[in-house]
Amino acid sequence: MTLTAPSRPRRTYETGVVTRILRVLALLGWLGVTIVVLRRYPDLPATIPTHLGLNGEPDAVGPRWSILVLLGIFWLMIATLTWLSRRSAVFTYPIEVTPENAQRVYREGERQMVGVNLTLVPVGAGVALLVLGEDAVALVWSGLALMVAVVVTGAVRAVRAGRDPDHREA
């Protein structure tokens, strides 16, 4: 299925090696989180935290299987972002996409989405660890800070790619 925004050129560039590696690392990272949770699942109490405040302290509890729902939600987010990252022509960009700059801008959009996907790993790992009773508030906040940095950097890079035909693809 090909998605393109109205009146925009189709994506024609090949995804770079680093971007492909980062995409796989996000999937492997979340696989690792899943394995840790599943290995510790039998030892969880019947009731576990299901919601945490900003400080990482539980403010709601639920059944043990709730952590499996959490895993499923994060897998759904990872899978959706992975799928979307391959369809960067439909994104909204902070610059006009033209036939001359489209491929450069799309590449930056893909990179940004892969970066956001990668930042979900520490966020999800931290949330899972908090539910498992570990002190991982710093991991969650670090992942969220990285996510903001990736989004801002991606927007800046998309603007530069859209304006500069000699944009470096570093």
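These are my notebook entries on one predicted protein model.

**Entry 1: ground rules**

I'm working with a predicted model, where local features need pLDDT of at least 70 and side-chain atom pairs count only at pLDDT 80 or more, while totals for chains, interfaces and linings use all residues. I count residues from 1 along each chain as its sequence is written, and side-chain values use heavy atoms, with hydrogens and water left out.

**Entry 2: the whole chain**

I started with the overall layout. The chain has four helices and two strands; helices (H or I, at least four residues) and strands (E, at least two) are DSSP runs, numbered from the N terminus. Reading from the N terminus, I get the order α-β-β-α-α-α. The C-alpha trace spans about 60 × 30 × 25 Å along its principal axes.

Next I looked up burial. Of the 170 residues, 42% count as buried. Buried means under 20% relative accessible area, exposed means over 50%, and partly exposed is in between, with a 1.4 Å probe and protein chains only.

The chain exposes about 9600 Å², and carbon and sulfur atoms supply 65% of that area. Accessible areas here come from the Shrake-Rupley method with a 1.4 Å probe, and for residues only the protein chains shown count as cover.

I also checked contacts, meaning heavy atoms within 4.5 Å. Taking the contacts with a separation of 6 or more, 68% are between residues 24 or more positions apart.

Then charges: I find 17 positive and 13 negative side chains. Lys and Arg count as positive, Asp and Glu as negative, and His and the chain ends are not counted. The centres of the two sets lie 7 Å apart, with each charge placed at NZ of Lys, CZ of Arg, CG of Asp or CD of Glu.

**Entry 3: salt bridges**

How many salt bridges does a search of the whole structure find? It finds five. A salt bridge is a side-chain nitrogen of Lys or Arg within 4 Å of a carboxyl oxygen of Asp or Glu. Side chains of opposite charge can pair when their charged atoms come close.

I looked at R11 and E110, which form a salt bridge with their closest N and O atoms 3.8 Å apart. R11 is in the segment before helix 1 and E110 is in helix 3 (residues 102–131), so this pair ties together parts that are 99 residues apart in sequence. R11 is partly exposed, because its relative accessible area is 25%. E110 has 1% relative accessibility, so it counts as buried.

E110 has another partner: R23 forms a salt bridge with E110, the closest N and O atoms being 2.7 Å apart. That pair links helix 1, where R23 sits, to helix 3, where E110 sits, across 87 residues. Both R23 and E110 are buried. I note that R11, R23 and E110 are linked in a network of salt bridges.

Then I checked R157 and E108, a salt bridge with its closest N and O atoms 2.7 Å apart. R157 is in helix 4 (residues 137–163) and E108 is in helix 3, so this pair links distant parts of the chain, 49 residues apart. At 23% relative accessibility, R157 counts as partly exposed, whereas E108 is buried at 2%.

I looked up L25 in helix 1 (residues 17–40). Is L25 buried or partly exposed? Its relative accessibility is 42%, so it counts as partly exposed.

**Entry 4: R8**

R8 is in the segment before helix 1. R8 is partly exposed, because its relative accessible area is 22%. Which residues does R8 touch, not counting those up to four places away in sequence? I get A89, V90, F91, T92, Y93, V97 and Y106. The C-alpha atoms of R8 and E96 are separated by 9.9 Å, and the two are 88 residues apart along the chain.

**Entry 5: L129**

My last stop was L129, in helix 3. At 25% relative accessibility, L129 counts as partly exposed. Leaving aside neighbours within four places in sequence, L129 is in contact with R40, E134, A136 and L139. The C-alpha atoms of L129 and Y13, 116 residues apart along the chain, are separated by 39 Å.
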